[in-house]
Amino acid sequence: MALQLCQNEAEESDDDTVCLGESFFVNREYNLTTFTFGPHSLRLLCLRSASTDYDLTGQLVWPGAVLLNNYLSDNAGILEGCSIIELGSGVGITGVLCSKFCHEVVLTDHNDEVLEIMRKNIELQSTLENPSCAALRAMKLEWGNSDHLSKILQEFPTGFDLVLGADIYILFVHNFSPLLFKSLANFP
Ligand SMILES: C[S@@+](CC[C@H](N)C(=O)[O-])C[C@H]1O[C@@H](n2cnc3c(N)ncnc32)[C@H](O)[C@@H]1O
């Protein structure tokens, strides 16, 4: 029997070939989890441990997001009425907390799989009892990608009051930092 990496499982050509499609490597067994930051409880879909793919770090809630959210919950005044863009949002836990105080929140990530669960989490917020929730948007942004940046700036021409990011510093070791700063420099 042969194992073959395929774009889609239908590619399987004969009885002796087992096709390892995307689903073999991607875990989508998300858990609905409650996170509490001061008086705020958030419910989000996320994984409890990483998928096999390095680039799927965004399926989890990282310790940096928990620290940042605790800080923001204790200092919510700095968010009142602001517009925010978050970089490398993952499942969106920071942006979702910000939506309780801000008037506009844009969550971004470069990974399509991560954007899918982020969008589900945004939908989930509107189905939960959350009438005061600000407008939450998910948009694709790969740091330094000028097409992605200009699409965001077309929709938000006045830019944002704050740019947030949790646990994206580790990517410095992978030399993403110049692209990350290039993206930051584009927001007025
Ligand atoms: C360690 S996770 C942190 C996720 C979330 N902020 C948290 O703290 O739970 C890093 C995130 O950055 C995203 N990311 C990595 N490289 C990126 C790039 N070049 N452009 C945009 N996003 C990127 C990943 O998809 C992932 O969601």
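Which residue in S6 is the bridge partner of Ile 85? Select Ile 85 and look across to S6: the partner is Val 106. Keep in mind throughout that this is a predicted model.

**The sheet**

S5 and S6 run parallel, and 4 bridges join them. Now widen the selection to the whole open sheet, whose 4 strands come in the order S7-S6-S5-S8 with parallel pairing. At the edges you will find S7 and strand S8 (162–164), each of which pairs on one side only. Turn the view to follow the twist, which averages 20° from one strand to the next.

**Zooming out**

The protein has 188 residues, of which 29% count as buried. Among contacts with a separation of 6 or more, 62% are between residues 24 or more positions apart.

**The core**

Next, select Ile 84, Ile 93, Leu 97, Cys 98, Val 105 and Met 118: these have the most contacts inside the largest nonpolar core, which has 35 residues. Elements giving two or more residues to this core include strand S4 (40–46), helix H2 (63–74), helix H3 (93–98) and helix H4 (112–127). H4 gives the most, with 5 residues.

Click on Ile 84 and show what surrounds it. Leaving aside neighbours within four places in sequence, Ile 84 is in contact with Cys 98, Cys 102, Val 105, Phe 160, Asp 161, Leu 162 and Leu 164.

**Helix H4**

Now colour H4, which lies across S6 and S7 and runs at about 170° to S7. On this helix, pick Ile 122. Is Ile 122 buried or exposed? Ile 122 is buried, because 21 other C-beta atoms lie within 10 Å, where 20 or more are needed. Beyond its neighbours within four places in sequence, Ile 122 is in contact with Gly 92, Leu 136 and Ala 138.

**The ligand**

For the last stop, centre on the ligand. Of the 22 residues around it, Gly 58, Ala 65, Gly 88, Gly 90 and His 110 come nearest. Colour this shell by residue type and you will see 11 nonpolar, 8 polar and 3 charged residues.

Definitions and conventions
Residues numbered from 1 in each chain as written. Predicted model: local features only at pLDDT ≥ 70, side-chain atom pairs only at ≥ 80, totals over all residues. Near = placed C-beta within 6 Å. Nonpolar A, V, L, I, M, F, W, Y, C, P; charged D, E, K, R; others polar. Buried ≥ 20, exposed ≤ 12 C-beta atoms within 10 Å, placed from the backbone. Contact = placed C-beta atoms within 7 Å. Core = buried A, V, L, I, M, F, W, Y, C linked by C-beta atoms within 7 Å. Pairing = 2+ DSSP bridges. Axes fitted to C-alpha atoms, helices over the stretch in contact; angles between N-to-C directions.
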